[in-house]
Amino acid sequence: MQPFLTVRGVERRFDKTLALQATDLDVAENDFITILGPSGCGKSTLLRIVAGLDHQTAGEVLLEGQRIDGPGADRGVVFQSYTLFPWLTVRDNVCFGLVERGLPRAQQLEIADAFLNKVGLRGFEHHFPKQLSGGMQQRVAIARALANGPRMLLMDEPFGALDHQTRELMQELLLGIWEQERKTVLFVTHDIDEAVFMGSRVVVMSARPGRIKLDRRVDIPHPRHYSVKTTPAFAELKAELTEQVRVEVRAAAAMV
Ligand code: ADP
């Protein structure tokens, strides 16, 4: 069967810098792939290429057999930095893509409010982004991405700017949503705990030029409760990944 997403032989060169090298990744529909690797190894570049915001200089990326050559409503993107429109209310931020698609206002509001409810922001529809905490702003960004009905979510360190406790709550929230909605997710993180807790598969990228050097399935059943972090299976996988990431971080440090 054809994979949902195919990344084959993808390279990305920026002038003299080879950011990604011969990267292959097959992703099944509904998989939650977490991506680990040292800074500068090309994780964001890979995500941006799948999002259609950047283009590979070699290789191909196919979504259900169709070549990706630009952004599309089938892929929702959430970045680390807060990307909400400051002049729009929470609700209108979530409605943004729905307005562009020309949906009737009543339907826009119904969809927006349903997703705001899902991310626990009922009652904040009329607030502006600056009135919200960082965690709440990221919840709006997730609601906005989901409201457009994407097949895939592409998330680049979405919780990277949050404090530890908020981050843990956001992990549970997103995993809960994924367990219901079963979107296909590519999720870049530096946090090995987060990668194992969230992922159905964890991939580790090598130091630049990045390529995928390790690919592990996470055999921890769903729904996952936070307590899985204390189980031997979790600790064992985390230890292996920590070692693999450390090797690459050392290699990246030796390069500069
Ligand atoms: P990561 O997300 O793993 O930290 P990136 O994908 O952001 O890594 O970057 C990979 C490499 O490509 C880095 O060396 C970075 O400096 C380089 N790079 C990324 N974007 C650009 C760009 N627009 N122009 C030049 N170099 C870039």
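Thr-17 is in contact (heavy atoms within 4.5 Å) with Arg-12 and Arg-208, leaving aside its neighbours within four places in sequence. The model is predicted: local features need pLDDT of at least 70, side-chain atom pairs count only at pLDDT 80 or more, and totals for chains, interfaces and linings use all residues. Residues are numbered from 1 along each chain as its sequence is written, and side-chain values use heavy atoms, with hydrogens and water left out.

Thr-17 lies in strand S2, residues 17-27. Strands (E, at least two residues) and helices (H or I, at least four) are DSSP runs, numbered from the N terminus. The relative accessible area of Thr-17 is 31%, so this residue is partly exposed. The classes are buried, under 20% relative accessible area; exposed, over 50%; and partly exposed in between, with a 1.4 Å probe and protein chains only. Gly-42 is 25 residues from Thr-17 along the chain, and their C-alpha atoms are separated by 11 Å.

The chain contains seven helices and ten strands. Its radius of gyration is 18 Å, which agrees with the value near 18 Å for a compact globule of 256 residues. This radius is taken over C-alpha atoms, and the globule rule is 2.2 Å times the number of residues to the power 0.38. The C-alpha trace spans about 50 × 40 × 40 Å along its principal axes. Of the 256 residues, 50% count as buried. Among contacts with a separation of 6 or more, 70% come from residues 24 or more positions apart.

Helix H1 covers residues 43-51 and is mostly covered, with seven of its nine residues buried. These are Lys-43, Thr-45, Leu-46, Leu-47, Ile-49, Val-50 and Ala-51. Gly-52 follows H1 and has a positive phi, near 85 degrees.

Helix H2 (residues 90-100) packs with two other helices. Its axis comes within 9 Å of that of helix H3 (residues 105-118), and the two cross at roughly 125 degrees. Axes are lines fitted to C-alpha atoms, for helices over the stretch in contact, and angles run from 0 to 180 degrees between N-to-C directions. H2 and H3 are therefore oblique to each other. Angles under 35 degrees count as roughly parallel, over 145 as roughly antiparallel, 65 to 115 as roughly perpendicular and the rest as oblique. The crossing of H2 with H3 is right-handed: the near helix is turned clockwise from the far one by less than a right angle. On the H2 side, Val-90, Arg-91, Asp-92, Val-94, Cys-95, Leu-98 and Val-99 take part; they meet Arg-105, Gln-108, Leu-109, Ile-111, Ala-112, Asp-113 and Leu-116 of H3. By class, this contact has nine nonpolar, one polar and four charged residues. Ala, Val, Leu, Ile, Met, Phe, Trp, Tyr, Cys and Pro count as nonpolar, Asp, Glu, Lys and Arg as charged, and the others, Gly among them, as polar.

H2 also packs with helix H4 (residues 134-147), at an angle of about 25 degrees and with the axes 8 Å apart. H2 is thus roughly parallel to H4. Their crossing is right-handed. Val-90, Asn-93, Val-94 and Leu-98 of H2 meet Val-140, Ala-143, Arg-144 and Ala-147 of H4. Six nonpolar, one polar and one charged residues make up this contact.

Leu-175 lies in helix H5, residues 164-181. Its relative accessible area is 1%, so Leu-175 is buried. Not counting residues up to four places away in sequence, Leu-175 touches Phe-32, Phe-197, Met-198, His-222 and Arg-224. Asp-219 is 44 residues from Leu-175 in sequence and 15 Å away in space, C-alpha to C-alpha.
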